[in-house]
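Visitor: I'm new to this one, could you walk me through a few parts of it?
Guide: Gladly; let's bring it up and start with a pair of strands.

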Amino acid sequence: MTFDTDLFVIGGGSGGVRAARIAAAEGGARVMLAEESRMGGTCVIRGCVPKKLMVFASAFPDLMEDANAYGWRVKSEGFDWPRFRSALEAELTRLENAYRSTLTNAGVTIHDARATVVDPHTVRLSTGETFTAKHILIATGGWPFVPDIPGRDLAITSNEIFHLDTLPKRALVVGGGYIASEFACILHGLGVETTQYYRGAQILRGFDDESRGHVANAMQARGIAIHCGTDVLRLEKTATGIRAVATDGSEKEFDLVLYATGRRPNAAGLGLQEIGVKFGRNGQILVDDWSQTAVPSIYAVGDVTDRVNLTPVAIREGHAFADTVFRGIPTRFDHDLIPSAIFTQPELGSVGLSEEQARDIEPIEVYSATFRPMKTLFAGRPDRVLMKLIVSQATRKVLGCHIVAPDAGELIQLAAIAIRMGATKEDFDRTVAVHPTISEELVTMRKPTRKG
Ligand SMILES: Cc1cc2nc3c(=O)[nH]c(=O)nc-3n(C[C@H](O)[C@H](O)[C@H](O)COP(=O)(O)OP(=O)(O)OC[C@H]3O[C@@H](n4cnc5c(N)ncnc54)[C@H](O)[C@@H]3O)c2cc1C
């Protein structure tokens, strides 16, 4: 049987772009890719990149305050949101074009259209065209959702936050995950009076307990009003804003309500159920270790499979798929020991097991240190950092590392290499400290804080 193309990729985000490029440029395959929105997907257009640029923007008030403590005379004339927003948009357009030319240069044919699947080898575009493909890759990502509460239309999601006409004076962020917590910090840093509601007992569920407590305390100390055990019952439009009626009995008014309570796999309406692709309870496409669905010619990678929803993971899954199917290099992406960072202020970097997870598996030693770092101590700031190692008593291997500190994302990337290589606590101890730094604490913690 002959096909119009060897691979049809649906979705031009992190996973789809990597798979298309490797299959075409290194696998010699004929590749088509459909993208219904802007090339680059969530990460580039409405996720990691614009968010991180907003994180940078929001950090300047602290930097200016610290500069004064260090002898500089710095006076801010305030934050110009429209100016920042225009610069942000220009940068996203630059990146979008770069993604587009990378694909074109690799020989991929781009279709700016929505695609659906007609049968195991046929894709239909919103333009009306249909194409047959030997393999189809679903890389359609995820989408934020707002729960079905009265007044839900008054809320925005992270998709809209980058396009606001004006910055609000008072914002409510609903949710306790990393996206909610990051935006609470961003808004606060930009001068917005920020409240965060989370229905659970502590924000950042799933991360190391001591680390999440440290981040939450620091956020509160900086002036973010975090209300755990609190959810929104309904939202009401008022003459001056949006009233949030909450489960704790409170009724407060805000100018902006940002819902970041979760994202769902973006797989509905693609025609996949009809042809036998299997779905999980959260609407995610079920795949095996090779990212293959129940229909052998159809594969899926990235957030639509709801495994670990991070850009580098979608990229690796897409790459492994292309290596396996088009380069004759069978590759299974290993989802173990994935480092990650939360760009709150302060940042949290994590790799491996939390103290709680490790304790459930085997006897451990915990090395944990919290202290005021030199730079902010000098500036008279109360900020504390946390350095934490979880060590196996039996093998001495470092099972987890958690850092709450400025640039924790940068630090955890390096710690992750050592942990991935199987470093023991004694390997850390043998490593000479770099002085004076925050991270030298990682190699100077001699006595366990606790065992168990
Ligand atoms: C606010 C926010 C912050 C984030 N921050 C980070 C971070 O700091 N670090 C990190 O690692 N990850 C972060 N993420 C997660 C990261 O963005 C995702 O894990 C990653 O983008 C997933 O890539 P993907 O290829 O699976 O899907 P996506 O990047 O979502 O791409 C899917 C693409 O498919 C397109 N599409 C969907 N359906 C169709 C169709 N039928 N036809 C044609 N095109 C279609 C969409 O338009 C989209 O462009 C963040 C996410 C958000 C929302």
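**Strands, then helices**

Guide: This is a predicted model, and in it strand β20 (residues 385-392) runs antiparallel to strand β21 (residues 398-404), the two being joined by six bridges.

Visitor: Which residue in β21 is opposite lysine 388?
Guide: Lysine 388 has histidine 402 standing opposite in β21.

Visitor: And what's the strand order in the open sheet?
Guide: The open sheet has six strands, in the order β17-β18-β21-β20-β19-β22, and their pairing is antiparallel. At the edges stand β17 (340-342) and β22 (450-451), and because each has a single partner strand, one side of each is left without a neighbour in the sheet.

Visitor: Which helix packs on the sheet?
Guide: Helix α7 (residues 209-222) does, touching β18 (348-352), β19 (364-371), β20, β21 and β22, and its direction makes about 175° with that of β20.

Visitor: Switching topic, at what angle do α3 and α4 pack?
Guide: Helix α3 (residues 48-69) and helix α4 (residues 81-105) pack at about 145°, with axes 11 Å apart, and α3 passes α4 in a right-handed crossing.

Visitor: Which residues meet there?
Guide: From α3 they include Val49, Leu53 and Met54, and from α4 they include Trp81, Phe84 and Leu88. By class, this contact has 10 nonpolar residues, one charged residue and no polar ones.

Visitor: What about aspartate 66, buried or exposed?
Guide: Aspartate 66, which lies in helix α3, counts as buried because its relative accessibility is 9%, under the 20% cut-off.

Visitor: What does its side chain make a polar contact with?
Guide: The side chain of aspartate 66 makes that contact with the side chain of arginine 381, at 2.8 Å. Aspartate 66 also touches Thr376 and Ala379.

Methods:
Residues numbered from 1 in each chain as written. Predicted model: local features only at pLDDT ≥ 70, side-chain atom pairs only at ≥ 80, totals over all residues. Heavy atoms only, no water. Axes fitted to C-alpha atoms, helices over the stretch in contact; angles between N-to-C directions. Helix = DSSP H or I, 4+ residues; strand = E, 2+ residues; numbered from the N terminus. Left-handed = near helix turned anticlockwise from the far one by under 90°. Contact = heavy atoms within 4.5 Å. Nonpolar A, V, L, I, M, F, W, Y, C, P; charged D, E, K, R; others polar. Buried < 20%, exposed > 50% of the residue type's maximum accessible area, 1.4 Å probe, protein only. Polar contact = N/O pair within 3.5 Å; in protein donor to acceptor, adjacent residues only side chain to side chain. Pairing = 2+ DSSP bridges. Lists of a residue's contacts leave out its neighbours within four places in sequence.
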